[in-house]
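The structure is shown first.

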Amino acid sequence: MTPARTEELFATHARAVHRYARARLPAAEAEDVVAEVFAIVWRKGELPDNPRAWLLAVARRVMANQARARQRRTALVERVRTHPAAASADDVRLVGELDELRRALDLLRPADREVIALLAAAELSTAEVAQVLGCTTAVAATRVHRARRRLRAAYERLTDERLTDERPTEEGA
């Protein structure tokens with residue numbers, strides 16, 4: 001399937017696929033169905049003799065898959081709502097530490113927060129951070145080192161403040 005053939009197919013049949021999906025779904029979801037159908041066409045690489053009917057059949061299966069996924073999510077939410085897990089002391093402590101870490105991150109400059117997010121949330125190496133930031137690995141390593149140092153200092157400052165606030169005062173003792 002060439003890009004030109006895919007574009008031609010899209011131009012010819014996308015409206016019909018969208019109308020079919022839109023008759024059953026909200027506009028944004030119908031657009032997602034159209035995108036998924038044509039991604040499948042691209043991956044498949046070939047079409048049967050009657051592409052319109054085949055595309056609508058693919059759209060039907062995509063919508064069925066979406067409906068099943070939606071039902072699974074709804075069932076999971078319901079299970080969690082009706083049977084919540086009891087929080088242990090460790091869970092409470094961990095949530096508190098995570099809140100404190102978020103507050104420490106909020107104290108950092110945006111550039112430092114970005115570096116920390118790339119390291120922690122995206123789980124990138126220093127070389128990959130360099131690639132994302134468009135700098136050399138040496139510059140990225142320096143930025144990583146400084147961002148970590150600043151985060152550690154912010155976290156320690158918040159922890160010290162919390163411990164100071166938790167100490168009983170002479171009046172309350």
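## Fold and dimensions

Two residues are in contact when heavy atoms lie within 4.5 Å. Of the contacts in the chain with a separation of 6 or more, 62% are between residues 24 or more positions apart. The model is predicted.

The chain contains seven helices and zero strands, giving the pattern α-α-α-α-α-α-α along the sequence. Its radius of gyration is 26 Å, whereas a compact globule of 173 residues would have one near 16 Å. The C-alpha trace spans about 85 × 50 × 20 Å along its principal axes.

## Surface and charge

Buried residues account for 23% of the 173 residues. The accessible surface is about 12,300 Å², and 54% of that belongs to carbon and sulfur atoms.

There are 30 positive and 26 negative side chains, with the centres of the two sets 9 Å apart.

## Salt bridges

The whole structure has nine salt bridges. One of them pairs Glu8 with Arg5, with 3.2 Å between the closest N and O atoms. Both residues belong to helix α1 (residues 3-22) and are three residues apart, about one turn of the helix. Glu8 is partly exposed at 47% relative accessibility, and Arg5 is partly exposed at 32%.

Asp112 is buried, with a relative accessible area of 3%. Its side chain forms a salt bridge with Arg109 (3.5 Å, N to O) and another with Arg150 (3.1 Å, N to O). Arg150 lies in helix α7 (residues 137-166) and Asp112 in helix α5 (residues 110-120), so this pair ties together parts 38 residues apart in sequence. Through shared partners, Arg109, Asp112 and Arg150 form one network of salt bridges. Both arginines are partly exposed, Arg109 at 47% and Arg150 at 30%.

Notes:
Residues are numbered from 1 along each chain as its sequence is written. This is a predicted model: local features need pLDDT of at least 70, side-chain atom pairs count only at pLDDT 80 or more; totals for chains, interfaces and linings use all residues. Side-chain values use heavy atoms; hydrogens and water are left out. Helices (H or I, at least four residues) and strands (E, at least two) are DSSP runs, numbered from the N terminus. The radius of gyration is taken over C-alpha atoms; the globule rule is 2.2 Å times the number of residues to the power 0.38. Buried means under 20% relative accessible area, exposed over 50%, partly exposed in between (1.4 Å probe, protein chains only). Accessible areas come from the Shrake-Rupley method with a 1.4 Å probe; for residues, only the protein chains shown count as cover. Lys and Arg count as positive and Asp and Glu as negative; His and the chain ends are not counted. The place of a charge is taken as NZ of Lys, CZ of Arg, CG of Asp or CD of Glu. A salt bridge is a side-chain nitrogen of Lys or Arg within 4 Å of a carboxyl oxygen of Asp or Glu.
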